[in-house]
Amino acid sequence: MDPEIVEFATNIQTALDHLKRELAAIRAGRANTSLLEDIPINAYGAQMKIMEVGTITTPQPSLLTVQVWDPALVKDVEKAIMSAQLGLNPSTEGQVVRVPIPPLTEERRREFVKLAHVKGEEAKIAVRQHRQDQKEEWVKEEAAGEIGEDELARCEKLMQDIVEKANTEVESLIKQKEADLMQV
């Protein structure tokens with residue numbers, strides 16, 4: 001039974017890691033390389049990420065630069081950034097795409113806070129789904145006589161402890177992102 005608890009905890013951690021990546025992609029008025037890293041771009045006949053075709057840096061707190069390795073992809077990178085709906089307007093200088101990060105308006109900050117809460121709720125839903133799937137599996141094992149009632153209760157308690165810790169971490173991550181977003 002313990003390997004199943006470990007697998008469950010790993011699944012929950014994966015959901016939390018996904019939330020962290022999602023929250024990092026929400027811009028907070030400061031330059032952050034994670035804003036651009038996962039933006040998809042069509043390159044070499046395949047779907048790639050910007051971080052796979054160039055180097056992303058933050059030379060200033062309000063500026064991102066993408067040093068594109070292949071000059072043929074510079075325009076594609078620029079188009080991908082513009083179509084990502086981040087409210088960013090890149091400009092090109094040779095093989096370097098400059099992306100100034102404008103200060104966020106109060107309205108835009110509130111929109112991003114709402115988005116962060118939506119992402120947090122999606123993470124909580126993923127955690128609940130993992131819990132439900134695991135519980136159904138254990139109930140089937142109990143019905144088949146593979147585990148006892150006491151073992152099932154013990155495992156469910158361990159699982160609930162993991163879920164509660166995960167939900168606490170989700171709330172903490174959302175509050176932290178909200179504070180970042182509302183900081184002027």
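Ala, Val, Leu, Ile, Met, Phe, Trp, Tyr, Cys and Pro count as nonpolar, Asp, Glu, Lys and Arg as charged, and the others, Gly among them, as polar. The model is predicted: local features need pLDDT of at least 70, side-chain atom pairs count only at pLDDT 80 or more, and totals for chains, interfaces and linings use all residues. Residues are numbered from 1 along each chain as its sequence is written, and side-chain values use heavy atoms, without hydrogens and water.

**Exercise 1.** Describe how helix H1 and helix H4 are placed against each other.

Solution.
1. Helices are DSSP runs (H or I, at least four residues), numbered from the N terminus.
2. The axes of H1 (residues 2–24) and H4 (residues 106–143) come within 9 Å and cross at roughly 165 degrees. Axes are lines fitted to C-alpha atoms over the stretch in contact, and angles run from 0 to 180 degrees between N-to-C directions.
3. H1 is therefore roughly antiparallel to H4 (angles over 145 degrees).
4. Contact means heavy atoms within 4.5 Å. Residues making the contact include Phe8 and Leu19 of H1 and Ala123 and Trp138 of H4.
5. By class, the contact divides into 11 nonpolar, four polar and six charged residues.

**Exercise 2.** Describe the packing of H4 and helix H5.

Solution.
1. H5 covers residues 149–182.
2. The axes of H4 and H5 lie 10 Å apart, at an angle of about 170 degrees.
3. H4 and H5 are therefore roughly antiparallel to each other.
4. Their contact has 16 nonpolar, five polar and 12 charged residues.

Technical notes:
Helix = DSSP H or I, 4+ residues; strand = E, 2+ residues; numbered from the N terminus. Parallel < 35°, antiparallel > 145°, perpendicular 65-115°, else oblique.
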